[in-house]
Amino acid sequence: MATAAAGARAKPPFRADHVGSFLRPKKLLDAREHFAKGAIDAAALRAVEDDAIRDIVKYQESLGLHGITDGEFRRTYFHTDFLTKLAGVTTKGGINVSFHSAGGNVDFAPPVMQVTDKVRHAQPIQRKDFEFLKSVTGGVGKVTIPSPTMLHFRGGRGAISRDAYPDLESFYDDVAQAYREELADLAAAGCTYVQLDDTNLAYLCDAKMREGARSRGDDPDELPRRYAALINNAIATRPASMTACVHLCRGNFKSAWAAEGGYEPVAEVLFNDLNVDGYFLEYDDARSGDFAPLRFVPKNKTVVLGLVSTKLGKLERKDDLKRRIDDAARFMPLEQMCLSPQCGFSSTVHGNAIAVDAQRAKLKLVVETANEVWGNA
């Protein structure tokens, strides 16, 4: 099996990395419930969150991980908690989606973002949370935020006020400006690692999702280019010291997923038009297709192969992971690759159907495999 002499990476993404979210501890879930019922105030809830984040930081460091997140412990959903802090954005009901899992279908209607007024960056969103994370880790603090495309795809034109935005181009410009201001605020706080979580580019690999986009009046062949332009505009003014990655996700709710299909429909645009530094790609099973789309990856970008499932408790075999890394290396250089789980363990507060011990075993496997393949995680 191939090994690379490149060894450790001095900057993210790291040889052994992860998407960001972790299973919520019971004490945190209990505190959230007490807060929802009015039994504790926001300050008391934040104190419990702080303690839980200290613990999850130590957990990550003990495994040998270098990119450290707060586990997304302050969030209910990976996207709504951030996006609704932008002026002009709210949520309204949900569009029912049939998620699929090894145990059968799971019906879920996540909130749909609604743009009711001009989108503005009215306040720092992640700065306070990042400053706390930075204060409790010696590693590289990573901030995960939803991709700006999350304000468009699921609701389409119908979810964006025509009074506020008779022209969608001005909508895209305002969203990008809001993100530029947020990233500037994070950079001023010392953040050097940001990940944009994007379901939509992955959904555009699924034939049914592509048809759904057509039914909303969008062209699924054009949307990847439109979304790449939006993301590029959103990250255009980040400092050179800030690594920006994108995670493509096919849905992650209680161990279920929403979309299937390989990356071929979006690969050329994804790897060459999108000006990010790295990609976290789901590759844990057949629903993500083969590695052939990696032939489009240019020399200056890194791909983090998500080969370890966060949806199933069964532990992968190290030799199988190494063989799959070898397969991927047929299409792009090994030294441009890293390894991670395919998604977070808890993209929503509900968490995946996986045990805490299995979560640790899978992360440990990622670190050990990266050490053996690249010489250092």
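**Figure 1. Val373 in helix 11.** Val373 is buried, with a relative accessible area of 3%; buried means under 20% relative accessible area, exposed over 50% and partly exposed in between, with a 1.4 Å probe and protein chains only. Val373 is placed in helix 11, residues 356-374. Helices (H or I, at least four residues) and strands (E, at least two) are DSSP runs, numbered from the N terminus. Between the C-alpha atoms of Val373 and Gly139, which are 234 residues apart along the chain, the separation is 22 Å. The model is predicted: local features need pLDDT of at least 70, side-chain atom pairs count only at pLDDT 80 or more, and totals for chains, interfaces and linings use all residues. Residues are numbered from 1 along each chain as its sequence is written, and side-chain values use heavy atoms, with hydrogens and water left out.

**Figure 2. The protein as a whole.** The protein has 11 helices and 12 strands. Its radius of gyration is 20 Å, close to the 21 Å that the globule rule gives for 377 residues, so the protein is as compact as a globular protein of that length. This radius is taken over C-alpha atoms, and the globule rule is 2.2 Å times the number of residues to the power 0.38. Along the principal axes, the C-alpha atoms fill a box of roughly 60 × 50 × 45 Å. Of the 377 residues, 58% are buried. Among contacts with a separation of 6 or more, 79% are between residues 24 or more positions apart; contact means heavy atoms within 4.5 Å.

**Figure 3. The buried side of helix 1.** Leu28, Ala31 and Arg32 are buried in helix 1, residues 26-36. They lie on the same side of helix 1 because they cover an arc of only 100° around the axis, the arc being that of the directions from the helix axis to the C-beta atoms. An α-helix has 3.6 residues a turn, so residues three or four places apart point the same way. The buried residues of helix 1 pack against helix 2 (42-62). After helix 1 comes Gly38, which has a positive phi, near 80°.

**Figure 4. Glu49 and its contacts.** Glu49 belongs to helix 2 and counts as buried at 6% relative accessibility. Its side chain is joined to that of Arg74 by a polar contact of 3.0 Å. A polar contact is a pair of N or O atoms within 3.5 Å; within protein, one must be able to donate a hydrogen and the other to accept it, and residues adjacent in sequence count only if both atoms are side-chain atoms. Leaving out residues up to four places away in sequence, Glu49 touches Leu28, Arg32, Phe73 and Arg74.

Figure 5. The largest nonpolar core has 99 residues, of which Leu281, Leu294 and Leu305 touch the most other members. Apart from this core lies another, of seven residues, among them Phe14, Val19, Val304 and Cys338. A nonpolar core is a set of buried Ala, Val, Leu, Ile, Met, Phe, Trp, Tyr and Cys residues joined through side-chain atoms within 4.5 Å.

**Figure 6. Backbone features at Pro13 and Glu72.** Pro12 and Pro13 are joined by a cis peptide bond, with omega about -5°. Pro13 lies in the segment before helix 1. Glu72 is not a glycine, although its phi is positive, about 60°. Glu72 is in the loop between strand 1 (67-68) and helix 3 (80-83), and at 4% relative accessibility Glu72 counts as buried.
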